[in-house]
Amino acid sequence: MGLKTSTGQAKWIQLTKGTFILNENGVKTEYPALEATLVGLGFRDAEFEGKKTREVVCTWRDGGDIYRLSMNSDGGYGRQFLLKLMNADVSQPLELTPTYEEDGAKKQAGMFVAQMGQQLRQRFNKDTLPKPKTAEFGGKTHYDFSEQRAFIENYITQNVIPLLSANAARPASHDNTSQGNAHVNENQEDGSGVPADDESTPF
């Protein structure tokens, strides 16, 4: 049996203020992007700082390395990723580049998704997605994006997730990323919760 450079265990990745962070044995390394093949995706209910959230959990493969990240599906990172993933050829590697801006108390997160050198566009936008419900109280307008979230999640579940089983079954040697190491991604170190800097309002 030869030496192995990978244990086969998934490495959780953080995404903080537009930077991917991989924490290995207490050593944190920052990356500007993630390039790897998507081999798994699912949704789950979670809680962060006392607030209920809905997360998208992705599993990525780069050669013999497996990475896992979770994103708030309502936040800027997760929402833009999902809407652009709808236009991707999931049999090919993807490159994710997060963005993050602060303007006073306002925080805005986003995600560029590229494939084969081309930036992917969102399949749906605010004009073609279900409109959020609004309510006025406390002198402020409050938005309910639950129908929009359900629409996006149902589309991904029906049209994207069934295609990923072929990626998981394909030998890792067929993953043609342009770099040997995937750049990392988003959440808390144990992979649960959502990042505090992802507070952008959908559209």
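Helices (H or I, at least four residues) and strands (E, at least two) are DSSP runs, numbered from the N terminus. By that scheme, R44 lies in strand β4 (residues 34-48).

This is a predicted model, in which local features need pLDDT of at least 70, side-chain atom pairs count only at pLDDT 80 or more, and totals for chains, interfaces and linings use all residues. Residues are numbered from 1 along each chain as its sequence is written, and side-chain values use heavy atoms, with hydrogens and water left out.

**Confidence**

The predictor's confidence in each residue is its pLDDT, from 0 to 100. The chain has a mean pLDDT of 83, with 80% of its residues at 70 or more. Residues 178-197 have pLDDT below 50; this stretch still has 90 contacts in the model beyond near neighbours in sequence. Residues 199-203 are also below 50, and that stretch has 21 contacts beyond near neighbours in sequence. Contact means heavy atoms within 4.5 Å.

**Overall build**

The chain holds three helices and 11 strands. Their order along the sequence is β-β-β-β-β-β-α-β-β-β-β-β-α-α. Of the 203 residues, 46% are buried. Buried means under 20% relative accessible area, exposed over 50%, and partly exposed in between (1.4 Å probe, protein chains only). Among contacts with a separation of 6 or more, 64% join residues 24 or more positions apart.

**Helix packing**

Axes are lines fitted to C-alpha atoms, for helices over the stretch in contact, and angles run from 0 to 180 degrees between N-to-C directions.

| Pair | Axes come within | Crossing angle |
|---|---|---|
| α1 (residues 76-85) and α2 (residues 146-159) | 10 Å | roughly 45° |
| α2 and α3 (residues 161-169) | 4 Å | roughly 45° |

Angles under 35 degrees count as roughly parallel, over 145 as roughly antiparallel, 65 to 115 as roughly perpendicular and the rest as oblique. Helices α1 and α2 are therefore oblique to each other. Their crossing is left-handed: the near helix is turned anticlockwise from the far one by less than a right angle, whereas clockwise would be right-handed. From α1, the contact uses R79, L82, L83 and L85; from α2, it uses Q148, I152 and I156. These contact residues comprise five nonpolar, one polar and one charged. Ala, Val, Leu, Ile, Met, Phe, Trp, Tyr, Cys and Pro count as nonpolar, Asp, Glu, Lys and Arg as charged, and the others, Gly among them, as polar.

Helices α2 and α3 are likewise oblique to each other. I156, T157, Q158 and N159 of α2 meet I161, P162 and L163 of α3.

Most residues other than glycine have a negative phi. M116 occupies the loop between β8 (106-115) and β9 (118-119). M116 is exposed, at a relative accessible area of 65%.

R44 and E55 are 11 residues apart along the chain, and their C-alpha atoms are separated by 5.3 Å.
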